[in-house]
Amino acid sequence: MSQSSQTKTPQAIQNTEGRFSRPSVIPPRARIDGIARRSFFTIMLLPVFLIAVVTIALVIRSWPILQAYPLKDLLFGNIWRPDKGLFGFYPYIIATFWVTAVGVLLATPACILISIYLAEYAHARTRSAAKPILDLLAAIPPVVYGVWGLVAIVPFVDKVLAPLSERWLDSVSIFRVNQPTGFGILAAGIVLAVMIAPLIISVMYEIFATVPNDLRHAALAIGATKWQTIRSIILPQVAPGIVAAVVLGASRALGETIAVLMVVGNVAQTPTSIFDPAYPLPALIANNYGDMMSIPLYDSALLSAALILLIVILIFNILSIVVIQRMLRLK
Amino acid sequence: MKFLKQPWQRRHLVEAFMKFIMRVSLVFVAGALGLILWIVVVRGLPALSWSMITQIPKGGYYMGKEGGILNAIIGSLYLATGGTALAMIFSIPIALYLKTYLGDSQWGHYVRLSLDVLWGIPSIVYGAFGFTLMIAFGLRASLLAGIIILALIELPIMTRAMDEVIRRMPVDLEHAALALGSTKLEVALRVVIRQMLPGITTAILLGFGRGIGDAASVLFTAGYTDRIVTSLMRPTASLPLAVFFQLGSPYPEVQRRGYAAALILTIIVLAVSLGSRWISARLNKYTIK
């Protein structure tokens, strides 16, 4: 101890002088590290700024129509006649909402049950068999889902569900069969439900895995059955995560284009029943991109439709992802 | 605990019932996958022929005459390969930076959040965005525009796939390298990237699979043509759009070819998806856990 305080070498004294004592020449390895850090940082900003750039570009392009018409007329106008200068998004917005709602309502109960099964009940072998199934479902391209919808779901709705509904549920207006073709909100909703299921299930499964095992053991020890443990102990714990997973699924459903476009019928009307054909916003954008530049304000109107879609999806997305990430980090 | 006062017969009945409907739901979802694959095969296989995959559309093809969709197959492979390669260039540095420099810090959290949000933006919005860029720069629909937009779509998927794999790397490994005096860059390039290899291959295949199946974005940016694309500045056909356009045709013969195109696309996507599982399982043997 005493020795070290006595033997202050000149170098050690130099070091106490602070920043002036640093070597004036930075070693090349450190310099390269500094350059790399800065360039990596710049590249990393790309995704952070991309969200802003996409939004700003769409705002700029849709500015002309937002200037020309009050927002109220665009959002709640009923008539879409670009050649006459009428741009009412209302039927399209409502259609988007209906299709998404049907898809999410169909998917949610099954997804909750499956994720509970995989997280709480299933044998490790079942679990490892289910994983590739969900991965494959997630990997199938939208257009193939569209083919499936066209070949299987539309006839199924037309031949099976619609007659059943006509027989038993004709008095309920949202189940009334007004235009029996099979193409419509229900067909699109079924296709969407299968498309968003893998995502919802995998998020919910991760959420269930965050519940500490002690809670399960405590409930089982006092004599609860497994299902009682899940319902009274685990589900209340993970409820925010479950809701967030469903909202995340809804945000995927909102933007789905090709698969929906192929089965939804594409009739611009305000739907009153789930058997009605409809015309959601993404389908409107995709179907009309060709003659966008021929009519004044048309391109601006379609890009503002994309902007509306983007804003709603961003809100859904950010809310759900923040909740999910928080729950996963608390683990 | 109120729920314990239920008679045990009823509790166990409920238990059995819930378990039953859970299994039914799982079978439903697995059945949906089976049904999709079965329908694509049953509809596509009879229409699939050698000329479908070796010829480009000839005169009158869209009225049911001779030809194939080689233009779309080649176009899709170019689009997805180009998009994946471009996304790689950006996603590897981002994943490395996330791991070595940011870690689990607040900044790392924000970057992961923004990647997840980007992942959620639908391809139709990317397509519309690409369209605004093309108007701004006076470009026409081309292979290059398609590649750039696909790269934007694939970037968050690939980065997050790498990030998820590399997050499981033991911290000791990094600390050991730092303790020996390496700079963070050396840790990133000599230690982390080797451990990341399974993640990189998974990411490439995931990104490729997503890119080749995407229709809504290439609709705006890559256009469609009956010729095989020869230049980055020319429009190109793609498989998803070949399926989409041919199914919209009133001619049954053309529709059948649409199903065949769907089968080709499904085979590519499934091969890529299964391949990625197989490769990452093999490569995982060589990483330190």
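Predicted model: local features only at pLDDT ≥ 70, side-chain atom pairs only at ≥ 80, totals over all residues.
## Basis

Residues are numbered from 1 along each chain as its sequence is written, while chains are lettered from A and ligands numbered from 1 in the order in which they are written. Local features need pLDDT of at least 70 and side-chain atom pairs count only at pLDDT 80 or more, whereas totals for chains, interfaces and linings use all residues.

## Domains of chain A

Chain A is assigned domain 1 (2-58) and domain 2 (90-330); such bounds come from an automatic or database domain assignment. The C-alpha centres of these two domains lie 48 Å apart.

## Contacts between the chains

In all, 71 residues of chain B are in contact with 73 residues of chain A (contact: C-beta atoms, placed from the backbone, within 7 Å). On the chain B side, helix α1 (residues 8-44) gives the most, with 21 residues (helices are DSSP runs of H or I, at least four residues, numbered from the N terminus).

## Helix α8 of chain B

In helix α8 (residues 184-195) of chain B, the buried residues are K184(B), L185(B), V187(B), A188(B), V192(B) and Q195(B) (buried: 20 or more other C-beta atoms within 10 Å of the residue's own, C-beta atoms being placed from the backbone). These buried residues fall within an arc of 135 degrees seen down the axis of α8(B), so they line one face of the helix; the arc is that of the directions from the helix axis to the C-beta atoms.

They pack against α3 (28-68) of chain A, and against α3 (70-102), α6 (143-166) and α7 (171-179) of chain B.

## Nonpolar core

The largest nonpolar core has 192 residues (a core is a set of buried Ala, Val, Leu, Ile, Met, Phe, Trp, Tyr and Cys residues joined through C-beta atoms within 7 Å). Its largest share, 20 residues, comes from helix α8 (residues 185-209) of chain A.

Note on methods
Buried ≥ 20, exposed ≤ 12 C-beta atoms within 10 Å, placed from the backbone. Helix = DSSP H or I, 4+ residues; strand = E, 2+ residues; numbered from the N terminus. Contact = placed C-beta atoms within 7 Å.
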